[in-house]
Amino acid sequence: MRKSQENTKIYLCPICGYSVSEDTISSEDTSKYSMQTKFRDTFLISKLKDILQKERQKALSIIDKDIIKSRIIEVSEKIITLETKDASFFQPGDPIGFIHPRLSEGRARYLGTVIDSTNNILVVLLSSSISDRFESYSRSYMTTLLEIFNYEPLMSYDLQLNLLSIIEERMLQNDLEISIGNDIAIDLVFEKIPQPEIKCEYLREYKDVSGKFFLDDSQSKVVEAALNLDNNQLLLVIGPPGTGKTCVIQKIAYELMEREEKVLITSHTNRAVDNAIEKLPLEKTLRVGRPEKVLGNIKPYLLSYKARERLGVKLITIEKEIRELLNIIREVTKYLKSEKDPEIRNRLRGDLEEYKIALKSRLAKRNELVRSAAEELVDEIPIIGSTLIKSQLYPLRDIKFDTVIIDEASQASITLALLALVKAKKWVIVGDHKQLLPIFKSIKDSNRDLLEKLSIFTNLLKKYNHRHLWLEYHYRSNPEIINFSAKYVYEGKIRAHKTCKNKKMYLRRLPASKEMYEILHPDKAVIFIHVLGIDERVEKSRCNRVESDIVVELIKTLLYCGIKPKNIGVISPYRAQRNLIREKVQMIANLNELEVDTIDAFQGREKDVIIFSVTATRNMNFITNPNRLNVAFTRARYKLIVIGNMYSIINFARGSLLHKFVEYCNEKGGIYDWEKKRWIRISY
């Protein structure tokens with residue numbers, strides 16, 4: 001539990017400006033310090049708790065669909081070994097939940113964290129709050145059934161709720177433990193602690209981690225500021241699309257590693273973590289996570305991969321012995337059930353008990369090997385990548401870091417980010433307050449003020465505005481694509497790098513029709529296709545059949561012109577429109593390559609060509625969210641095609657960012673009337 005600070009006097013150091021509690025300075029020195037009054041944001045804490053409880057209840061409703069049957073083989077030393085045909089569904093580091101009439105009173109509870117899963121065997125490190133129940137339970141292990149499931153949908157909420165309970169100094173709400181290495185991080189968020197002006201120091205090397213490119217001035221300044229952080233200092237990095245934030249994160253982590261610091265690179269998404277570590281030295285970087293959730297080129301960084309590699313033949317041999325013993329036990333059990341002779345049955349029972357003892361010994365030995373290897377790797381390797389949730393799970397839970405770097409932080413909630421922030425002495429938080437904010441099922445998208453308070457990045461940016469730096473040069477897109485957001489979203493804070501002028505779409509073959517040639521001409525990087533489509537309600541979503549047909553026509557032509565499916569992305573704000581387009585596109589392209597998804601799913605992604613279907617033609621409140629539109633408008637490298645009803649936008653979304661985009665296209669002669677088959681201009 002965190003010590004109460006309700007009645008503790010806090011002073012400000014006159015030299016460094018840091019907070020100092022009264023019990024760390026002598027009474028005669030208090031006159032040298034200025035008094036600081038502590039104000040805990042209890043309203044925000046209460047609001048977060050209420051939201052998380054509602055979100056957890058919604059997540060709980062889907063668990064019944066994913067129950068997996070398992071059989072207990074052995075329990076010892078707070079490790080449970082299970083047999084299940086679905087063992088491969090789980091990977092080291094995964095949280096497991098369980099349901100059992102007696103052991104969990106029929107409720108969904110946290111069992112523990114996967115140590116290893118091989119063949120049909122699942123080995124789980126039991127939660128300390130539940131281990132005694134299993135070890136004292138009357139075991140006939142080979143016949144005790146356990147219903148298990150992936151606890152991750154609940155894990156996130158339970159960890160965050162427990163963190164809030166610790167902050168409020170109340171009893172924990174569930175079985176999960178929280179490791180807090182630095183509780184000043186809690187003060188950083190729920191109070192306001194002094195943060196001095198940003199200081200920078202010169203880098204010894206201004207090339208990126210690959211050694212191929214030089215950092216630009218803004219990137220260099222961010223890295224220099226990160227390297228100059230003292231304990232309990234914060235650096236906020238505003239990284240708009242295509243400004244090289246991944247490159248900067250890698251450089252910061254690498255330079256800190258060279259200074260013998262231990263660094264955690266984390267985010268709420270697996271993809272962001274993978275992107276951040278992919279160029280870092282393999283021998284100095286470790287990825288904790290599920291193999292099927294990481295990018296293919298990241299597999300060699302995985303903890304499970306490195307642990308098995310380290311153990312080698314020793315692990316292969318003992319696993320072979322375990323498989324053989326399990327097969328023998330199954331056969332003996334089968335004979336025992338069918339045998340009628342009492343004498344033979346007694347002999348079989350004796351044999352079965354000996355085989356079980358041998359199996360228990362092999363399992364315990366194997367489990368200790370795997371656990372030791374995993375813990376050694378986590379302890380030895382200086383740069384670790386994991387999601388925010390997994391940073392508080394075995395084997396990372398008790399690991400402390402010098403610096404934590406959080407990417408895509410605008411979309412991370414306060415409590416989710418705090419799971420990682422409390423593990424480190426220094427904090428580098430990278431985000432973009434002009435892109436997507438946290439998503440909660442219980443909060444409407446229109447409640448922007450509340451969502452900005454709940455985002456760790458926007459919250460801290462308002463509180464510690466003097467602690468932020470911008471990445472200023474955009475490298476991803478054709479200038480016409482990024483110039484819209486640079487002007488209307490970022491207010492001139494970013495600009496296209498000179499190399500962007502060469503970014504144009506290359507067509508291997510020209511379109512068959514004159515109309516398609518004009519639409520796909522490489523010199524027109526941004527266009528708006530006007531069509532008189534009408535949206536339709538589909539349950540709680542919307543679709544637009546006319547726009548979906550145009551999307552298909554454009555894809556057919558792009559493929560004909562030699563654009564590869566993997567380089568095309570189709571975006572819509574609505575799930576129903578996404579589903580309709582997917583249904584039509586799968587007839588002409590492989591959906592594993594050509595991605596069709598919502599705006600939320602495309603954050604952090606990029607494609608050569610983006611086709612954006614506005615879909616809505618009447619109520620346009622959802623589509624006009626500026627953060628969501630900014631994400632959609634900045635995914636394309638060479639060509640951005642937006643399809644919508646121009647009149648609906650002018651009538652129902654006047655003054656919005658979407659309306660400004662139509663005007664932007666109008667200024668550049670980039671509005672095409674699909675029905676009239678010609679370019680048009682709006683005159684007001």
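Where is the place of Cys 561? Cys 561 is found in the loop between helix H16 (545-560) and strand E22 (568-572); helices (H or I, at least four residues) and strands (E, at least two) are DSSP runs, numbered from the N terminus. The structure is a predicted model, in which local features need pLDDT of at least 70 and side-chain atom pairs count only at pLDDT 80 or more, while totals for chains, interfaces and linings use all residues. Residues are numbered from 1 along each chain as its sequence is written, and side-chain values use heavy atoms, with hydrogens and water left out.

**Cys 561 and its surroundings**

- Cys 561 has 0% relative accessibility and counts as buried; buried means under 20% relative accessible area, exposed over 50%, and partly exposed in between (1.4 Å probe, protein chains only).
- Leaving aside neighbours within four places in sequence, Cys 561 is in contact with Leu 507, Arg 508, Arg 509, Leu 510 and Pro 511, where contact means heavy atoms within 4.5 Å.
- Arg 509 is 52 residues from Cys 561 along the chain, and the C-alpha atoms of the two are separated by 4.5 Å.

**Cysteines and disulfides**

- A disulfide is a covalent bond between the sulfur atoms of two cysteines.
- With a disulfide taken as a pair of cysteine sulfur atoms within 2.5 Å, a search of the whole structure finds zero.
- Cys 500 is buried, at 0% relative accessibility.
- For Cys 665, the closest cysteine sulfur is that of Cys 500, at 18 Å, again too far for a bond.
- Cys 665 is also buried, with a relative accessible area of 1%.

- Five of the five residues of E13 are buried.
- Ile 383, Gly 385 and Thr 387 lie on one side of E13, and Ile 384 and Ser 386 on the other.
- E13 pairs with E11 in the parallel sense over five bridges; two strands pair if DSSP finds at least two bridges between them.
- Helix H7 (residues 270-277) is largely enclosed by the rest of the structure, because six of its eight residues are buried.
- These buried residues of H7 are Asn 270, Ala 272, Val 273, Asp 274, Ala 276 and Ile 277.
- They pack against helix H6 (245-258), strand E11 (263-267), strand E12 (285-287) and strand E13 (383-387).

- Strand E5 (residues 79-83) has five of its five residues buried.
- Ile 79, Thr 81 and Glu 83 point one way from E5, whereas Ile 80 and Leu 82 point the other way.
- E5 and strand E8 (residues 121-126) pair in the antiparallel sense over five bridges, and Leu 125 in E8 is the bridge partner of Ile 79.

- Thr 458 belongs to helix H13 (residues 456-463) and is buried, with a relative accessible area of 4%.
- A polar atom of the Thr 458 side chain lies 2.5 Å from the backbone oxygen of Glu 452. A polar contact is a pair of N or O atoms within 3.5 Å; within protein, one must be able to donate a hydrogen and the other to accept it, and residues adjacent in sequence count only if both atoms are side-chain atoms.
- Not counting residues up to four places away in sequence, Thr 458 touches His 433, Leu 437, Leu 451 and Glu 452.
- Asn 478 caps the N-terminal end of H14, with a side-chain oxygen 2.9 Å from the backbone nitrogen of Glu 480.
- In helix H14 (residues 479-488), the buried residues are Ile 481, Ile 482, Phe 484, Ser 485 and Ala 486.
- Their cover includes strand E19 (526-530), strand E25 (636-644) and helix H21 (657-667).

**Aromatic rings**

- The structure holds twelve aromatic pairs; rings of Phe, Tyr and Trp (its six-membered ring) pair if their centres lie within 6.5 Å, and planes under 30 degrees apart count as stacked, over 60 as edge-to-face and the rest as tilted.
- Tyr 110 and Tyr 151 form a tilted pair, 5.5 Å centre to centre with 40 degrees between the planes.
- Phe 484, Tyr 488, Phe 612, Phe 633, Phe 661 and Tyr 664 form one aromatic cluster.
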